[in-house]
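These are notes for a colleague who is meeting this structure for the first time. Please read them with the sequence and the model side by side.

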Amino acid sequence: MGSKYTKRYTEEFKRDAIALVDSSGKTVTAVARELGISSESLRGWYRKAKADRSEGTPGELSSPEREELKRLRRENREQQQTIEILKKATAFFVKENDR
């Protein structure tokens, strides 16, 4: 539910901002303030970048793992719907055969 005024930042800008946090020794909040962006946005980008470099907290998913999980959940949902349709069709045909 984002605002229609939400700013979109390029991947290059995000990479540069993350590199600035890594190289400057400053806090995420201080760098965000310097760049004029939300500290929560930069913190999220930084956390995601660390996870992608396998430096995040244990159990945190990297971007490719998140995408795979999203794909598998979608596939699972579609298969569950197919199963429900087949169950209903089976029940319908069994009822028709009993007539």
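1. Does Arg99 count as buried or exposed? The structure is a predicted model, and in it Arg99 has a relative accessibility of 76%, which is over the 50% cut-off, so Arg99 counts as exposed. This residue is found in the segment after helix H4 (63-97), and although Arg99 and Leu35 are 64 residues apart in sequence, their C-alpha atoms are 74 Å apart in space.

2. The largest nonpolar core has 11 residues in all, namely Ala17, Ile18, Val21, Val28, Val31, Ala32, Ile37, Leu42, Trp45, Tyr46 and Ala49. At least two residues of this core are supplied by each of helix H1 (11-24), helix H2 (28-35) and helix H3 (39-52), and H3 gives the largest share, four residues.

3. Trp45, one of the residues of that core, is in contact with Tyr9, Phe13, Lys14, Ala17, Ile18 and Ile37, once its neighbours within four places in sequence are left aside.

4. The packing of H2 and H3 deserves a separate look. The crossing in which H2 passes H3 is right-handed.

5. On the side of H2 the contact is made by Val28, Thr29, Val31 and Ala32, and on the side of H3 by Ser39, Leu42, Arg43 and Tyr46. By residue type, the contact of H2 with H3 divides into five nonpolar, two polar and one charged.

Key
Residues numbered from 1 in each chain as written. Predicted model: local features only at pLDDT ≥ 70, side-chain atom pairs only at ≥ 80, totals over all residues. Heavy atoms only, no water. Buried < 20%, exposed > 50% of the residue type's maximum accessible area, 1.4 Å probe, protein only. Core = buried A, V, L, I, M, F, W, Y, C linked by side-chain atoms within 4.5 Å. Contact = heavy atoms within 4.5 Å. Left-handed = near helix turned anticlockwise from the far one by under 90°. Nonpolar A, V, L, I, M, F, W, Y, C, P; charged D, E, K, R; others polar.
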